[in-house]
Amino acid sequence: MKFWAAVAAASLFSATDVAAAPQVIQVNPSDLKSRNIEGRSFKLAQIKNVHFNQHGKGPRALAAVYEKYDIELPETLLAVLRQILSDIGFDLRARSLMSPRAPNATAPFNNNTVQGEVTATPIPFDVEYLTPVDIGSPPQTLPLCFDTGSSDLWVFSSNTPKSQQGGQKLFQIDNSTTAQKLQNHTWSIRYGDGSGSSGEVYLDTVDVGGIKVENQAVETATQVSSSFTRDEHSSGILGLGFQSINMVRPTKQKTFIANALKSLALPLFTANIRKAEEGNYNFGFIDETEFLGPINMIPVEADSGYWKFKGTAFSTGFNGTNGNISDIVVPLEHPAIADTGTTLLMIPEAIVQAYYRQVALAYDSKIYGGWVFPCNSALPDLTLYIGSYKAVIPGDLINFAPADLDDPATATICYGGVQSSRGFPFAIYGNVFFKAHWTMFHVEEKKLGFAPRSGL
């Protein structure tokens, strides 16, 4: 009865049945022929941030999504974050910022569009995995976060005030013989707590895996949100979205991947994200050992700037081995983006409720700032349909982090890797999804490709 109640509740949230589903075309890897016989291909391994702070990992990951998309944090989540920051010794003396919040001024979405006083609660944005990138001549290697949910390459630099540095490796502008300032150009990104990062723009050589792009826009920070200052091991972000959401003004700048396309054997890159270990990104080629079966390709709405697609349905339940009903498909169309810079899987409230109603004692906690459950729960799988592609997320991937203690061996309450996208303009398929599904980003054709990841 519990499963049927969940399905009924989910159906109430859907005004209509699934409309036009995305066309899914199955492609064998061998059919993706190189269009540049002299083009390059390479594999980039992620580097584990050994100093990543585990405390409050779940709520911090959820807050980071609100911040990234410039959406005001719920007061209950703010209260949880204040406690987490107090626990790790952060100075919680509230600071007020007078910040203009004009609609679409610096980010596509925000809930607070009037000028006013904003109480800023800085969120530790430290990330678990980073990727090395060479900038300048001679090259300076900086650890950056690869992010398909943004389109800016920005870094801590010698222009960043010392008071806003936290031990990051800096891009030393004067040490690069090829750095040229892009006159009268600036960049600015604001976050949901009223803080922001901004600075100047230089053109310089950027080398990722041996692919060199000259005159690439490198955004150097002259102001950095304290959220990023706290992460001493990340020097910035390399955005892999589309140019329309690049934040340089007055002229948007091309992304690294757009500039690098002509040098690649195949005009694409792939993400092979792993659970609790380093994964990798591949550029210009397909590694068939990383996934199973054909590649399921769908078009994306690239005009949005994001790798945006349409989810169409879901099912949830155990595998039937204990007599539980499974594979009841509930139509629920929803816009979604594929975002490697987001840790969690953020999906419509209806799906989240239907899923956690399968888990005894799971609840949406004000104390922990999201959906939690007993750590010894046997979590069911969650299946998300993207047209005809059936994307199964194993239950063990949804047990994201301990909630009541930092040590998984002694924790009794755990934080869910699936959380609600309520209040967001789209669902966000983050790394909880990618840990189960190898994903191809075909830049030239503006398509995504999915396949079950091997080795699960």
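**Helix crossing and backbone**

Modeller: Helix α2 crosses helix α3 in a left-handed sense, the near helix being turned anticlockwise from the far one by less than a right angle. Helices here are DSSP runs (H or I, at least four residues), numbered from the N terminus. The contact (heavy atoms within 4.5 Å) involves P59, R60, L62, A63 and Y66 of α2 with L77, V80, L81 and I84 of α3. The model is predicted, so local features need pLDDT of at least 70 and side-chain atom pairs 80 or more, whereas totals for chains, interfaces and linings use all residues. Residues are numbered from 1 along each chain as its sequence is written, and side-chain values use heavy atoms, without hydrogens or water.

Biologist: At what angle do the axes of α2 and α3 cross?

Modeller: Two packed helices are described by the angle between their axes and the distance between the axes. The axes of α2 (residues 57-68) and α3 (residues 75-87) cross at roughly 125° and come within 10 Å.

Biologist: Where is D70, the residue with a positive phi?

Modeller: Most residues other than glycine have a negative phi, and most peptide bonds are trans. D70, with phi about 55°, lies in the loop between α2 and α3. L361 has phi near 70° and sits in the loop between α6 (349-356) and β20 (363-365).

Biologist: Which peptide bond is cis, with omega near -5°?

Modeller: The bond from S137 to P138 is cis, with that omega; R249 and P250 are also joined by a cis bond, with omega about 5°.

Note on methods:
Axes fitted to C-alpha atoms, helices over the stretch in contact; angles between N-to-C directions. Helix = DSSP H or I, 4+ residues; strand = E, 2+ residues; numbered from the N terminus.
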